[in-house]
Amino acid sequence: MNDMKAPTANAQKLPPVPTNLPGWMDNKDRNHIYRKRGVYNDAIYNIRPLALDLNAVAVGHAFAYEDLVTGKAKDLETKTFERINWVLKNPPRFMPDEANISPTFGRKYGVLEQVFDWAHILHAQTVDVLASTKLTDAQKEAEIERLYKFYVDNVPYAITSLPMNMGYLDSQPYSKAFRRKYPKVNGLFWGYHWLQGSMYDLLYGKTLEQQRAAYTTAGKQYHEVELYRTDRPFMPMFAEVSPKFAARFPHISNVFDNLHMLHDMVNDILASDWMSEQQKEGQIKRAIWMVMAANHKGMKPGENYGGDGLHDHRFMEGMPGMGMMPEGLMNHGNMNHGSRNHNSSTTQQDMTVPNTGKTPAGSHIGH
């Protein structure tokens, strides 16, 4: 924790905030964008325990963010943790509006909340399609692609589908602050990421009965193991916990990995006591811009554009994102995210990428 007590040294290392940011980055107004219409909307309630667990996830993030910006950070590992944990065990029947749970956070970081909400809509509608009993498998594949296009075309704050260099994003001056100061709450957040990642392969290409049976096991693991782990070296990544979906939709998987990394970066910034409020606002704005699709327009995976640190999306051959792990974690067998070292909800066969003779990610990353 010594690195948290050197405000002058750390502040000098803060990267500059770009000066040419688009005007919408300063928007403070609430701006709800609604989901795409579809016969599949809310189909996740066909697997009701999973739907309720996802409802609870939204509450947990909002509780923590509101406490972090209202002077209650000292209670995060105790009172906040207990409040979040209670909701995880007693989930709301319907998806809550995070803006109503964290109003102070929303007023202060309105654009960030909109970035999160818009990506969460893509999350929700994609799993609705997978859980639908009204679409064929072929229709589901086509609609997921349409949902992705809807996501990137309708608002300026869509997250890039490029495979961002996770090792670089997790090497900022403030990186790792949250997990060091608040390991229990960080464990809950990474447990959410495990659930939000692994559920895609649990649903993909399965009948409703198979989906329900899979979540009977996965839900137990989520509640008993994944939520309370504090030993993960890095957040769960889609390519590990849902390799089939990541191979078929690498662009969407990259969006979700980048979303989860943005969550971590914001957590770390808010947990860094050595920054002033103005510096925190600037670094959060920079973190948002680093993962925006608008900031990477026309760029290709595998290339590094410029020296400002905003366009580092090199990747190695293989599953999307996996080449981006911090040094020492490249071998995902050592990442210890749960699916290798605990009884997983999916079988070993389900967790294996089909041998198609093609590289799953590579040059066909959709951007």
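This is a short tour of a predicted model, stop by stop.

Residues are numbered from 1 along each chain as its sequence is written. Local features need pLDDT of at least 70, side-chain atom pairs count only at pLDDT 80 or more, totals for chains, interfaces and linings use all residues, and side-chain values use heavy atoms, without hydrogens or water.

**Stop 1: two helices**

Select residues 250-270, helix α14, and residues 277-291, helix α15. Helices here are DSSP runs (H or I, at least four residues), numbered from the N terminus. The two pack at an angle of about 170°, with their axes 10 Å apart. Axes are lines fitted to C-alpha atoms over the stretch in contact, and angles run from 0 to 180 degrees between N-to-C directions. That makes α14 roughly antiparallel to α15 (over 145 degrees).

Now show the side chains. On α14 the contact (heavy atoms within 4.5 Å) is made by Asn258, Leu262, Met265, Val266, Ile269 and Leu270. On α15, the residues involved include Lys280, Gln283, Ile284 and Ala287. By class, the contact has 10 nonpolar, 2 polar and 1 charged residues. Ala, Val, Leu, Ile, Met, Phe, Trp, Tyr, Cys and Pro count as nonpolar, Asp, Glu, Lys and Arg as charged, and the others, Gly among them, as polar.

**Stop 2: aromatic rings**

The structure holds 17 aromatic pairs, meaning rings of Phe, Tyr and Trp (its six-membered ring) with centres within 6.5 Å. Select Phe178 and Phe189: their pair is stacked, 5.7 Å centre to centre with 5° between the planes (stacked is under 30 degrees). Phe178 lies in helix α9 (residues 177-181) and Phe189 in helix α10 (residues 183-203), so the pair ties together parts 11 residues apart in sequence. Phe178 counts as buried at 0% relative accessibility, and Phe189 counts as buried at 1%. Buried means under 20% relative accessible area, with a 1.4 Å probe and protein chains only.

Next, select Tyr200, Tyr204, Phe238, Phe245, Phe249 and Phe256, which form one aromatic cluster.

**Stop 3: charges over rings**

Then go to Arg83, which lies over the face of Phe63, at 4.1 Å from the ring centre. The criterion is NZ of Lys or CZ of Arg within 6 Å of the ring centre and within 35 degrees of the ring normal.

**Stop 4: Ala294**

Finish at Ala294, in the segment after α15. Leaving aside neighbours within four places in sequence, Ala294 is in contact with Pro156 and Trp289. Ala294 and Pro22 are 272 residues apart in sequence and 9.4 Å apart in space, C-alpha to C-alpha.

Methods:
Angles under 35 degrees count as roughly parallel, over 145 as roughly antiparallel, 65 to 115 as roughly perpendicular and the rest as oblique. Rings of Phe, Tyr and Trp (its six-membered ring) pair if their centres lie within 6.5 Å; planes under 30 degrees apart count as stacked, over 60 as edge-to-face and the rest as tilted. Buried means under 20% relative accessible area, exposed over 50%, partly exposed in between (1.4 Å probe, protein chains only).
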